[in-house]
Amino acid sequence: VRGTSGSRKETAAIKELASQFKRDWQAYAEGKVRMLKDKDITEKLMQKRNLILFGFPHTNEIISRLSEALPFRLTKKNIVLPDGNRYATEDHGIILTYPNPLVKEERYIVIYHGLPWGEHRSKNHKFDRIPDFAIYSSEPLPELNVNRYKAAGFFDTEWEYAPANTDFLTK
């Protein structure tokens, strides 16, 4: 679900990230992706499907609606963790998996924004072993051949942010 509420430049970047994901997913999982605009998402569809949301609250209407319920604060300029760690959106990407707070059914969202993930991996391993969340740069992490993450980890059993379940890289 790509956001359509941003500037032309932001909307074009989101469209490109979503298109890249669609190509990558087809190569990785040999599965087709149905791409929709945020304005086309109905309550009925949210009840039936997990959603991959491209954008941020100011560029995607669905993310805007659920942003207050997320464990991280997502702003036009920063990704802010509850412990105060902050990462500039200009030079980072984020992949965040979380229960969809807008539905009663057990459905999930993935927020994918900024830089593409997995540019240094082969197509059949591009999305292997992604944690609940990763905030990353475009540089490769040589040991794993993935984007260099700045913060990556898992939520606790109640879907709360847990610094003890998070790895931080500063270099």
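Is Glu139 buried, partly exposed or exposed? Glu139 is partly exposed, with a relative accessible area of 39%; buried denotes under 20%, exposed over 50%, and partly exposed the range in between (1.4 Å probe, protein chains only). The model is predicted, so local features need pLDDT of at least 70 and side-chain atom pairs count only at pLDDT 80 or more, whereas totals for chains, interfaces and linings use all residues. Residues are numbered from 1 along each chain as its sequence is written, and side-chain values use heavy atoms, leaving out hydrogens and water.

Glu139 joins Arg148 in a salt bridge (3.7 Å, N to O), a term for a side-chain nitrogen of Lys or Arg within 4 Å of a carboxyl oxygen of Asp or Glu. Another of them connects Lys76 with Glu10 (4.0 Å, N to O). Lys76 lies in the loop between S2 and strand S3 (78-80) and Glu10 in helix H1, 66 residues apart; helices (H or I, at least four residues) and strands (E, at least two) are DSSP runs, numbered from the N terminus. Lys76 is exposed, at 54% relative accessibility.

Helix H1 has 22 residues, which should span 32 Å at 1.5 Å a residue, and its end C-alpha atoms lie 31 Å apart, in agreement; the expected span is 1.5 Å times one less than the number of residues. Thr11, Ile14, Leu17, Ala18, Phe21 and Asp24 are buried in H1. These residues cover an arc of only 155 degrees around the axis, and therefore lie on the same side of H1; the arc is that of the directions from the helix axis to the C-beta atoms. Arg8 and Lys9 are exposed on the other side of H1. The buried residues of H1 pack against S1 and strand S6 (108-113), contact being heavy atoms within 4.5 Å.

The whole structure holds 18 aromatic pairs. Rings of Phe, Tyr and Trp (its six-membered ring) pair if their centres lie within 6.5 Å, with planes under 30 degrees apart counted as stacked, over 60 as edge-to-face and the rest as tilted. Phe21 and Phe54 form a tilted pair, 5.7 Å centre to centre with 55 degrees between the planes. Because Phe21 lies in helix H1 (residues 8-29) and Phe54 in strand S1 (residues 51-54), the pair ties together parts 33 residues apart in sequence. Phe54 is buried, at 1% relative accessible area.
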